[in-house]
Structures are given as structure tokens and as C-alpha cells.
Amino acid sequence: MLISKHCHLRHLALLFILSSPSLLFSPSLAEDGKALYTLYCSACHAPDGKGANNGAFPPLAKSPWLGGTADRSIQIVLHGLQGEIEVPTDKDPHKIYNLVMPPQGGALTDPQIVAILNYVRNSWGNKNKPILLNEVVKNRRATAARTSMWQGKELLKKYPIQSNTSAPIMGLISEVYHGSWKTRPDFSKLDPDATYEEHKGLISIANAGKLKSFGMVWEGQLPITKNGKYTFTLDSDDGSAIYINDKLVTEVKGLGGMGRAKSGQINLNKGLSDIRVEYFEFSGEEAISLTMQGPGMKSPLSLSGTKPKKKKARKKPSIPIDPPKNGTAFYRGFIEGSTPRAIGVGYDGGINLAFSADHLGFELLWQERFYDGGRHWTARGQGNEPPAGKNIVKLTSLPAWGTLNSPTAKWQSDGTGITKRRFRGYQLGENDRPTFNYEVGSLKVSDVPVPEFDAKGITRTITIDVPSSSAPKNLHLLICNGLDVQEADSPNAYLLGKTMQVEIEANSSVPALVRNKELILPLQLKPGKNQITLRYQWK
Amino acid sequence: MRSLLLTIALLTPLFAAPTQEEFYLREEIPLPEGEVMEIGSIALMPEQKVAVTTRRGDLWICEGAYQDDLSKVKWTLAHRGLHEPLGMFYQDGSLVLTQRPEVSKLTDTDNDGKIDSFETISADWGINGDYHEYAFGSPADKDGNVWVVLCLTGSFNANSAWRGWCVRVTPDGEMIPTCSGIRSPGGIGFNADGDTFYTDNQGVWNGSSSLKWLKPGSFQGNPTGNIFYPNQSDIKPLANQPNDKSRITTERERIPQFIPPAVVLPHGKVGQSPTAVIHDHTSGKFGPFSDQVLVGEQTHSEVQRVFTEKIKGVYQGAVIKCLSGFRAGIIPMRLSDDGTLFVGGSNRGWASRGGKPFTFERVRWTGKTPFEILEMRAKPDGFILTFTEAVDPDSIKPESFSMAAWTYIYQSKYGSPEVDQATPSIKSVKVSPDGKSVRLYIDGLVKGHVHHLISNGVKSANGGELWHRDAYYTLNEIPD
């Protein structure tokens with residue numbers, strides 16, 4: 001019975017469609033928010049609004065991002081959103097996403113956006129007042145010139161999330177900076193490592209994720225109920241400063257513990273004032289406290305949170321990559337410190353290198369752990385990741401092969417007179433150790449690194465095959481740039497920076513050129529095979 | 001009239017709606033335990049071996065993927081440490097791989113199951129560290145060339161050499177810039193005639209995703225990469241740059257090299273992120289769709305079927321949904337000579353309906369032919385449909401079909417709404433003597449528009465219903 005009833009309905013529906021086909025496609029038909037959401041949004045945000053793939057994509061259900069002003073949601077739909085954002089999920093109240101929502105303003109009409117947002121803003125437990133067409137029209141007009149997606153932090157600054165109206169500071173955002181400073185740095189010249197919404201509206205270092213060598217900057221808006229003179233009292237370990245409406249009010253300078261409180265006064269008008277607090281922690285204990293006193297206030301209002309529990313750093317996803325026993329690991333993703341075509345090689349035994357297939361040179365050497373795939377192997381895998389290990393030495397950052405017409409000529413970033421550099425790949429030998437092959441002009445080069453575990457270094461044997469007709473003149477090999485170079489005690493050996501020594505063995509009588517932070521080997525090549533050996537060793 | 005139709009409808013024999021399981025058997029292939037197998041490319045090898053690469057850069061060889069009992073598959077790790085490979089094929093004992101920085105030839109020279117030779121064939125395009133600078137590579141064409149489509153930087157800019165271009169890499173490593181106008185590809189392959197097609201994703205200058213024909217020398221629509229025309233000499237730069245907020249049909253008049261998308265895959269309705277491009281070369285081993293193109297769909301975890309024809313020098317045709325229910329977002333596909341379709345996928349960073357983080361699956365035809373629209377060809381005054389089985393002539397009436405048409409704004413903004421809506425009207429229909437073709441006579445076809453045909457009333461001679469009722473034909477040209 002159930003089946004026939006089902007079919008009956010289906011035929012009725014069919015009749016309806018047949019009798020009025022134009023209705024189906026009429027653009028004037030009121031837009032159906034749920035249908036549009038299902039069509040265009042549900043792939044990522046999931047039909048139940050909880051974020052696709054068990055919350056691997058940001059949920060919309062009960063999201064504070066939808067609350068308050070509708071402008072924030074409208075702007076995200078119109079122009080898209082990228083970069084790190086924090087969205088609470090069922091499992092993690094501080095879940096961080098770093099994905100891309102493409103802009104939909106070009107694809108969706110204003111009535112479609114209204115329908116989708118009204119559906120989203122009032123489904124799955126969300127309750128918000130309906131938005132009107134003119135709000136979308138107004139938003140579209142106001143940001144018509146915008147061509148880039150919103151960055152999470154930028155959007156929140158313009159449309160702060162006020163999850164708690166009793167929060168002392170509204171729309172408070174904190175930024176965490178990694179670095180070691182003994183005086184307060186110019187944060188405007190630094191890039192934050194993380195950005196958080198401080199829902200409680202209190203200055204707190206709970207989100208620092210570290211106990212030393214970090215800085216934080218908080219920005220938000222302070223509601224002022226009466227015109228008058230206000231006093232701010234700041235204390236911190238180590239230094240800090242408070243700005244109100246871009247004016248420095250007071251500052252706790254340099255390194256030191258709590259108990260160095262400083263106060264400052266400023267006249268404020270009723271309404272919202274911009275507040276910015278800067279803080280840095282060198283080492284040892286860490287804390288900050290801030291209070292405000294003003295007209296009509298019985299006692300000072302605390303603007304800072306309680307001292308955080310020693311919370312562990314929010315872990316970046318970590319996926320260690322290690323060489324197999326007696327084997328060799330390879331990594332070709334984007335390695336910080338070398339070029340996009342870097343090839344990371346990790347030998348079992350804790351010696352590692354990065355060969356640049358762009359520059360045809362050894363650019364990085366390091367010890368111990370090889371690499372961490374956590375950055376590149378989660379979400380979309382943006383950015384460069386440095387080697388995982390220790391004692392990283394950056395040998396070169398320019399094309400390694402070039403011609404120099406005089407010993408003082410500049411080493412050019414475009415390869416110094418070499419018309420053709422061509423990487424040809426690598427062969428794996430015993431224990432999967434690679435031999436790199438490449439061409440420099442008409443020369444064929446094979447470049448063989450061998451790890452020296454006892455001597456803590458790498459021996460690199462370069463064989464240059466020169467065709468009988470054309471031994472090139474003035475060809476040079478860049479061994480190091482960017483590090484202080486000094487002659488070492490033994491002949492043909494040089495100290496590169498503080499930790500690395502290189503010993504050069506070439507069948508040539510011409511010594512290497514030691515220049516300002518450069519070590520360059522002139523090559524006297526003969527037709528046939530020419531061999532150079534470089535022994536790199538950590539000191 | 002209404003009650004009469006209702007009566008007829010109720011008297012019609014009732015058949016259960018066709019389901020995929022009747023026609024195609026989809027099976028998950030067990031993966032090596034504990035491994036993250038986000039499959040980005042597949043190559044079919046001799047002796048029924050199948051090679052796959054992962055987004056993390058691993059290369060695995062699978063044995064037993066053709067056997068009935070999939071629990072016996074054996075996986076061998078051939079290498080770890082490639083850079084996001086998105087295209088692979090087997091050739092003369094080697095695997096030729098398109099990875100982010102280069103086209104490479106990988107060989108196991110000592111036959112121990114591990115790759116020990118990595119020969120760089122070409123690394124002549126730019127990469128700058130941006131994760132979105134993907135490179136998708138084709139199998140070898142008839143001249144042995146690998147076609148590579150190079151995604152824009154961040155999918156918006158051309159900050160590295162040849163971003164937004166299709167290049168061909170010859171067997172001796174020469175890189176030949178071939179087409180400009182690419183935005184964000186998802187896959188590349190050949191049709192049955194050996195012409196090269198790729199999928200490009202909805203975004204800037206792409207009102208919708210589509211399947212595009214890479215005619216050498218052509219412009220594919222996104223002008224960002226046009227800055228590289230002066231860096232080559234084989235192709236004449238465009239006489240005009242495209243106008244913003246226009247229509248493709250309008251801009252084609254101004255830019256002769258502009259090849260319109262062969263088949264638009266309407267955004268949302270058909271999919272959101274098309275990927276692999278292959279064609280059915282099996283002469284019937286994979287069902288009735290010989291020589292047609294199959295397109296992967298990442299977001300919807302589907303495989304779609306495309307029929308194309310060439311009218312006035314450009315390809316056009318229809319997309320019809322085909323297979324669904326895959327467990328992750330589809331990226332690569334390969335179809336073996338025996339009619340086994342291999343599908344791999346991942347949903348890391350881009351969501352998909354299939355909720356698993358990664359999958360490897362195979363699909364085989366059960367031998368039962370679905371009642372489907374096999375071909376949809378344009379006529380000056382309508383379309384002609386060919387079905388896989390004879391139709392019930394009584395079910396073929398003008399009101400058994402409905403049609404809507406629209407196009408997209410061709411613009412620098414991301415995507416486009418459906419615009420310029422039209423409602424072509426089906427005036428009359430005619431069934432061929434063998435019952436397998438139906439001629440639709442239509443008023444109001446619109447050049448350049450997607451024509452969405454819904455065949456709700458059509459029944460087969462046996463009373464069966466169509467497996468898929470919706471066909472979306474992109475009418476770049478109306479035939480004379």
C-alpha cells in the first residue's frame with residue numbers, strides 16, 4: 001500500500017510539473033533558502049550545518065559567526081573568507097580552521113543570498129532576526145570595489161563577534177607572536193603566528209601557547225558610559241603597554257616581574273574607544289594585569305583575566321617523517337630556507353640536506369630529525385615548513401653555478417651568465433642514497449652526497465663532465481653565501497658561520513675566493529671528467 | 001484534461017525506479033593498513049598491476065585489483081617523496097608522472113619493486129611555494145607528448161611562469177606553450193578522437209565549471225595568464241583582451257582564438273568541482289557509452305557522462321549524470337581495456353559528499369543496459385535524442401519533455417548566477433521507425449546557452465523509466 005501511495009503522489013507531482021513547466025524556472029519565484037543551501041553550500045557545511053566530514057569544515061550550526069550583525073555573514077558570502085579562523089564545534093570550543101571559502105557574490109543573486117542566509121541563520125538551533133534584501137544590496141554596494149577575499153582577522157576587526165555582552169572589552173582579538181625580545185618590539189612590523197577571539201573580553205595570555213619567547217597584542221573596543229578622565233593601571237612580567245584611541249597611556253618597560261605597575265590617565269568620551277595592549281615575555285614567569293577606574297565607578301574594573309594555568313601549547317598537527325632503518329627519506333614539498341623545487345634528503349643516522357633543483361646546489365644541512373609533514377599534509381597544506389631537526393645551516397640562497405668575469409664581480413641572483421641550467425633528476429644507490437644529475441650549459445654534472453655519521457658531516461663529490469670542444473671559462477661554484485667565511489686552520493678549509501666547516505679538494509691550483517659572506521670556488525676545467533670534493537662538517 | 005491525465009497515469013504499469021546497482025557494481029578496494037592513501041593519480045600497468053600516487057607523495061603498486069576477491073589485493077610501496085603528483089601513465093617499463101614541479105620518468109631499473117631512477121623530463125614552468133599552483137598531466141598523446149595544465153597562483157594570479165597555461169612536454173623534454181586561459185583545472189585527458197580536454201572549476205572568468213577543449217593555440221577564457229604570450233613565439237597574442245561582465249558568445253566575436261567551454265557542467269546542479277577526464281575506449285565492455293567522455297566530480301563524489309559533437313568547428317554537447325555514491329571526492333580515474341573503471345579520491349581541504357578522507361574504488365558494468373539518453377545532438381530547429389533502448393512511442397509527446405535555458409555572466413568576479421533565462425518550447429516530437437531516436441522540434445533555442453532538458457514522461461518500450469532524466473546541452477553553435 002505504501003508503495004502505491006508513494007507512486008500516486010509522484011504522478012500528482014508530475015502532473016503539476018507538466019501543467020505548469022514555466023513555474024519551475026521562473027526567476028521571479030521566491031527563492032527557496034533550503035534548496036539553495038543544499039545546492040551551493042551543503043557540500044562543505046553539511047546538510048545538518050555541522051560542517052562536512054564530521055566537522056572537518058566549519059560548522060554553521062550554533063556558530064557565533066552568524067550572531068549579531070548580519071553584515072558579517074553577508075560579507076563572507078559576498079567576498080569569501082580565508083586564513084585562520086576559530087569556530088567552536090561540539091568537540092572543540094576553540095577549533096581552528098585554515099581553509100578557503102570562495103566568494104559567492106559573483107555567483108549568487110541578492111535574493112538568493114537573502115534566502116540562504118535566512119535559512120542558515122534560523123536552522124539547526126540558530127535564532128537570528130531575518131535579514132532583508134536591502135541589507136544585502138547595501139553591503140554589496142558598500143564593498144563593490146573589493147576584489148580580495150576577507151582574511152578572518154580583518155573581518156572580525158570590522159565586524160566583531162560579541163558573544164558575551166557583559167564582556168568588558170568588545171570584539172577583543174588577540175594575536176600571538178613568536179620571538180625573543182628584551183624590549184617591547186614594534187609589533188606592526190611582525191607577522192602574528194596565531195590570532196584568537198577573546199570571547200570573555202579580557203586581556204589574557206591563556207592563548208599564548210607558550211611560556212617564554214612570545215609576544216601578544218590585544219585589540220578591541222572599550223564601552224565608555226560617561227565622559228571624563230579615566231585611569232589605567234598596568235602591571236606585567238615582562239613588558240607591556242596600553243594604547244587607547246591610538247595614544248600611549250602607560251607602559252611597563254623592559255624585563256622584570258610583576259609589581260612594577262604603572263598608571264596613566266586619558267580623557268574619554270561616551271561611546272566606544274579603541275583599546276590596544278601589547279605584551280612580551282622573554283623567559284621565567286609570565287603575567288599581565290590591567291584595571292580601569294573612571295567617573296561613576298565605585299571600584300577599579302579589571303580588564304584582565306586570571307593568571308592562566310600552565311596550559312600546553314596548542315599543538316600544530318605533527319606528522320614526523322623519518323628515514324627507514326638503514327635507508328633514506330625524501331621530501332619534495334615546500335621546504336623553508338630553500339627554493340620551491342627543493343629536495344629534502346634524510347639519512348638514517350640524523351644527517352639531512354636540502355638540494356635545490358632550481359639553484360642546483362646544496363642549500364640546507366641539518367642534524368637529527370628529518371622533517372614534519374604536519375603542515376603540508378593537513379587541510380590544504382599552505383606555506384613552507386622548515387626542517388624538523390637541529391643545527392640547521394643555510395649554505396646558499398642563490399644559483400650555485402655562474403661565471404664571474406673578475407674576482408670582484410657580483411654573484412647574480414639570476415645565475416650569472418649561465419644560459420642553461422637543467423635539473424635531470426636523481427638515481428638511488430645503496431641504502432637509497434641519491435646521486436643528483438644536472439646540466440650547467442653543456443656540462444654534465446653528477447653530485448653525490450655521502451653522510452659521515454662519525455665525523456658529523458657530509459662528503460660531497462661533484463663530477464663535471466666537460467665535452468672535448470668547450471671547456472668553459474670563468475665558471476665558479478658558489479659554496480656559501482650569507483654566512484661569515486673565515487679560513488680555518490687546515491689548508492683549503494673554511495669556517496662558514498659559527499658551526500660549519502668546509503674543506504675543498506679540487507685538482508686546481510686556484511684558491512677559493514673569500515668575499516663578504518661568500519665562499520666561491522673558481523673552476524679550472526679540462527675536457528673529460530673533473531672532480532671536486534667538498535667535506536662539510538659541524539664543529 | 002487534468003483528470004484524464006491523472007487517470008492515464010494511474011493506469012500506467014508501475015515500475016520501480018532504476019538504481020545504479022542494477023547496471024554498475026561499485027566496490028571499494030582495500031588499502032594498505034595505516035596508510036593515508038589520498039589518491040591523486042592512477043596508472044594501469046602490465047600484468048594487471050595498478051600504480052597509484054598519493055597527495056602526500058607516495059607511490060604504491062597494487063596487485064589483485066582486477067580479481068573477483070578484493071580481499072586478496074597486495075600493495076607494494078615503490079617510493080615515498082614525490083611532490084603532489086596529479087597525472088601518471090605507464091610507458092615502456094617506466095611510470096611517467098606529472099608532479100607539481102615537473103614531468104618525471106620513474107623506473108625500477110633493478111626490478112626490486114622500488115623506484116631507483118627519477119629522470120626529470122621537464123621542469124620549465126614556474127612554482128613559487130603557493131599550494132594552489134597545481135599541475136595536472138595527461139597520458140601521452142599520439143606524438144608521445146604529455147599535456148600539462150597549470151593552475152593559477154592561488155587560483156587567481158599568474159605569479160609564476162606559465163601559470164594559466166596548458167603546455168605540452170615532448171618526449172625529449174621540450175616544453176611547448178599550447179593554450180592560455182586556464183584557471184583551476186581538475187583533470188586532463190583525451191576524447192575518442194584524440195583531442196585533449198580538461199576540466200576547469202567555477203571561479204573568476206568561469207561562471208560555471210566546464211569541460212574544455214584544448215585546441216592548440218586557443219584561449220580558454222581566463223585572461224590572467226595572457227601576460228605570458230610575449231614569452232613564446234608560436235602562438236599569436238590575442239587581438240583583444242576580453243571585456244568584463246560580458247557573455248562568452250559576445251567575446252568570441254571579438255577574440256577569434258576563444259574556444260568556448262565544450263560542455264558546461266552547471267554549478268550546483270551537476271557538480272561543484274569537476275576533475276578527471278577519460279573516455280570509454282572499451283567498445284562496450286563498460287556498458288553502452290562507447291567513445292563518450294567520463295568526468296569525475298570531486299564535491300559530489302560522482303562520475304558524469306558527456307556526449308560531444310563538433311558543430312561549426314567547436315565541440316559542444318550534453319552532460320548527463322552517471323555514477324554516484326563514491327566514498328570520497330573523486331580526483332583521478334582510469335578505465336582498463338577490460339572495462340574496469342578505477343577511481344581514486346580525497347576530500348582533504350575540499351569537502352565532498354562521500355564522507356571518507358580517501359578512497360580507491362572500482363566499477364564494473366553488470367551487463368544490464370540502463371534505459372538512458374545515449375546521445376543528444378543539436379539540430380537547427382531542436383535536438384535529436386538517441387536512447388539505449390527503443391522508447392514506448394505512446395510516451396513520446398511534447399509534454400513528456402520540458403526545457404529551460406540560461407547562460408552565465410563572463411566576468412572577473414568569482415562565478416556567476418544563471419542569467420538570461422529562456423524557456424524554449426517543445427512544439428512537436430517524432431519517434432524514429434526503430435523507436436531508438438526521438439526528434440524534438442523546438443522554438444526558442446538560444447545560441448551560447450545551456451539547454452536543460454528534462455525527460456519526465458519518457459518510457460522505454462518495456463515500460464521502464466529513464467535512469468537519469470536530466471541532460472544539460474551547451475549550445476555553442478546552432479547547426480545550419
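**Strand pairing and the A–B interface**

Modeller: This is a predicted model. In chain A, strand 7 (residues 228–237) and strand 12 (residues 287–293) run antiparallel and are joined by seven bridges.

Biologist: Which residue stands opposite F232(A) in strand 12 of chain A?

Modeller: That residue is M292(A).

Biologist: What is the order of the strands in the open sheet?

Modeller: The open sheet has four strands of chain A, in the order 10-7-12-13, with antiparallel pairing. Its edges are strand 10 (262–268) and strand 13 (301–302) of chain A, each of which pairs on one side only.

Biologist: And what holds paired strands together in general?

Modeller: Strands of a sheet pair through backbone hydrogen bonds, in either a parallel or an antiparallel arrangement.

Biologist: Let us move to the interface. How many residues does each of chain A and chain B bring to the contact?

Modeller: Chain A contributes 51 residues and chain B contributes 66 residues. About 5100 Å² is buried between the two chains, and carbon and sulfur atoms give 57% of that area.

Biologist: How many salt bridges cross from chain A to chain B?

Modeller: The rule finds two across this interface. One of them links the side chains of R332(A) and E102(B), with an N to O distance of 3.0 Å.

Biologist: Which elements of chain A give two or more residues to the side that touches chain B?

Modeller: Among them are helix 1 (2–19), helix 3 (33–40), strand 2 (96–101) and strand 22 (421–428) of chain A. Helix 1 of chain A gives the most, with 10 residues. By class, this side of chain A has 31 nonpolar, 14 polar and six charged residues.

Biologist: You mentioned strand 22 of chain A; with which strand of chain B does it pair?

Modeller: Strand 22 of chain A pairs with strand 9 (residues 117–122) of chain B, antiparallel, over three bridges. Within strand 9 of chain B, E119(B) is the bridge partner of G425(A).

Biologist: Finally, the whole of chain A: how many helices and strands does it have?

Modeller: Chain A has nine helices and 32 strands. Its radius of gyration is 31 Å, well over the 24 Å that the globule rule gives for 539 residues, so chain A is more spread out than a compact globule.

Biologist: What box do its C-alpha atoms fill?

Modeller: Along the principal axes, the C-alpha atoms of chain A fill a box of roughly 85 × 75 × 45 Å.

Technical notes:
Residues are numbered from 1 along each chain as its sequence is written. Chains are lettered from A and ligands numbered from 1 in the order in which they are written. This is a predicted model: local features need pLDDT of at least 70, side-chain atom pairs count only at pLDDT 80 or more; totals for chains, interfaces and linings use all residues. Side-chain values use heavy atoms; hydrogens and water are left out. Two strands pair if DSSP finds at least two bridges between them. Contact means heavy atoms within 4.5 Å. Buried area is the accessible area (1.4 Å probe) that two parts lose on being put together, summed over both. A salt bridge is a side-chain nitrogen of Lys or Arg within 4 Å of a carboxyl oxygen of Asp or Glu. Ala, Val, Leu, Ile, Met, Phe, Trp, Tyr, Cys and Pro count as nonpolar, Asp, Glu, Lys and Arg as charged, and the others, Gly among them, as polar. The radius of gyration is taken over C-alpha atoms; the globule rule is 2.2 Å times the number of residues to the power 0.38.
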